[in-house]
Amino acid sequence: MPVWRPPAGATLTADVAPSTLSWMMWLLDEEYDRDHRAVHMTERSTDLHPLKIRYHGTVGIPYDERYTEFIQPTGLMPFISLVSRGGPNMNPSALTALVDRWRPETHTFHLRAGEMAPNLQDVSMILGLPIQGEPLCMNTASDGWRQQMEALIGRAPPLPEQSKKRAPAGASFSWIRTNFGECPEGANKDTRRTYARVYLWYMISRTLFPDSGGKLAHWCWLKALTVLDHRWSWGTAALAYLYRQLDEACRRTGSRTGSGGIGGCMLLLSVWSWDHLSVGRPRVLNERPWPHHHENLDREPTWAYLWDNVSEMTSDPMVMYRQYTAELDTLTAEQVEWEPYGSYYHIGAGMTDLNHKCTEERGSGECPPMWQDTDKALHRLDRQQQRKITNWPVHHSGHVAAFQHCLEAARNAGPEEIVPHDFAAFNNYLE
């Protein structure tokens, strides 16, 4: 979704027609408000705490250069080169203050300065993930998943001690580290491929697709790596997953303390926030040298490298959470960095060794589909009904076709026209 900036001097109240204000009230759904963190704080005076970040980095399994030949065909090499170094210090208090302003109806952060959200350009620039490719949409039937896992990587987690207890389809991170932590010396090609596959499974489960629990690598992500040279659109999957996790996190209040976690790619959200907003922005410390591989340009740094080494927030988390909340309440449009990657025609010019994958698919995310009510299409789909659906390629066949059409249109598009903001466009968006 493109970032909207109001004209100079305009606000969301005084400069908008009364008929528009009625539309704005309808955007805020009472059903979401009942559990929304913002309502708990402002109307019920609930003393909420910062949420926990479910971003685990790469602790436990070091990168092995022998994995490169198998990771390269997946299109994930820029991302793996980034996260295998570890990650920057993140700020749960600042991220939670931002999550408090997320609206599931629009999939945007509602700020005084306007509405904002990470989009596919941010995914490309920050993470270097591929956008083009097949939608990451698979049959998720878990019957026989242990046998399938054993056939794919040679082993599977043991059955639960309590025979009646249903085990989730996947493996704990500790089990993966114990069994695949280090590829044996002198391993043959098949063994190296297996260890590379598990390494990818471990990494994307901990950094791209962590859930709010944060302990399990789900079977479906390993299943997607069955054929390593299969080109998936990992970037769109990561962004959609982040949106879904934010939908849940903004209504996660625990008992009365707001306990709970934020899933999704917190590296993407953190760097996006630091690029655009001064609230919670850390100080950049001395640069950690990047290990350049001139024979493989896919291993050059992405935009996130600019925030590779930042200061850590060491103050009291609750005190800072309240301070960040107050700062976001008063944030103005002039305090927002709307184009952090440079001017429209010079995206990425501020980083001389930027990975070519960050700008290679520019335009793939600039052909939005027709608007539809996501409240009805996504959020009100009963969870019990969701669990009964396993053949997602069939269920989403219409969306998959529309996605492929958008990519084809982006590939065939001519020069892009820059359209300035105007109130008519904003009113159309509200409607």
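Is Y241 buried or exposed? Y241 is buried, with a relative accessible area of 17%; buried means under 20% relative accessible area, exposed over 50%, and partly exposed in between (1.4 Å probe, protein chains only).

A word on the model before we go on. This is a predicted model, in which local features need pLDDT of at least 70, side-chain atom pairs count only at pLDDT 80 or more, and totals for chains, interfaces and linings use all residues. Residues are numbered from 1 along each chain as its sequence is written, and side-chain values use heavy atoms, with hydrogens and water left out.

**The core**

Let's start inside. The largest nonpolar core has 108 residues. Such a core is a set of buried Ala, Val, Leu, Ile, Met, Phe, Trp, Tyr and Cys residues joined through side-chain atoms within 4.5 Å. L127, W201, F209 and W234 have the most contacts inside this core.

**Aromatic pairs**

The structure holds 16 aromatic pairs. Rings of Phe, Tyr and Trp (its six-membered ring) pair if their centres lie within 6.5 Å; planes under 30 degrees apart count as stacked, over 60 as edge-to-face and the rest as tilted. Here are two of the edge-to-face pairs.

| Pair | Centre to centre | Angle between planes |
|---|---|---|
| F180 and Y195 | 5.3 Å | 65° |
| F209 and Y241 | 5.3 Å | 85° |

F180 sits in helix α9 (residues 173-180) and Y195 in helix α10 (residues 189-207), so the pair links distant parts of the chain, 15 residues apart. Helices (H or I, at least four residues) and strands (E, at least two) are DSSP runs, numbered from the N terminus. F180 is buried at a relative accessible area of 4%, and Y195 also counts as buried, at 13% relative accessibility.

In the other pair, F209 lies in the loop between α10 and β6 (216-218) and Y241 in helix α12 (residues 234-249), so the pair ties together parts that are 32 residues apart in sequence. F209 counts as buried at 1% relative accessibility.

Elsewhere, ring pairs link W102, F109, Y243 and W272 into a cluster.

**Charges over rings**

R155 lies over the face of F180, at 5.5 Å from the ring centre, and R206 lies over the face of F173, at 4.8 Å from the ring centre. A charge sits over a ring if NZ of Lys or CZ of Arg is within 6 Å of the ring centre and within 35 degrees of the ring normal.
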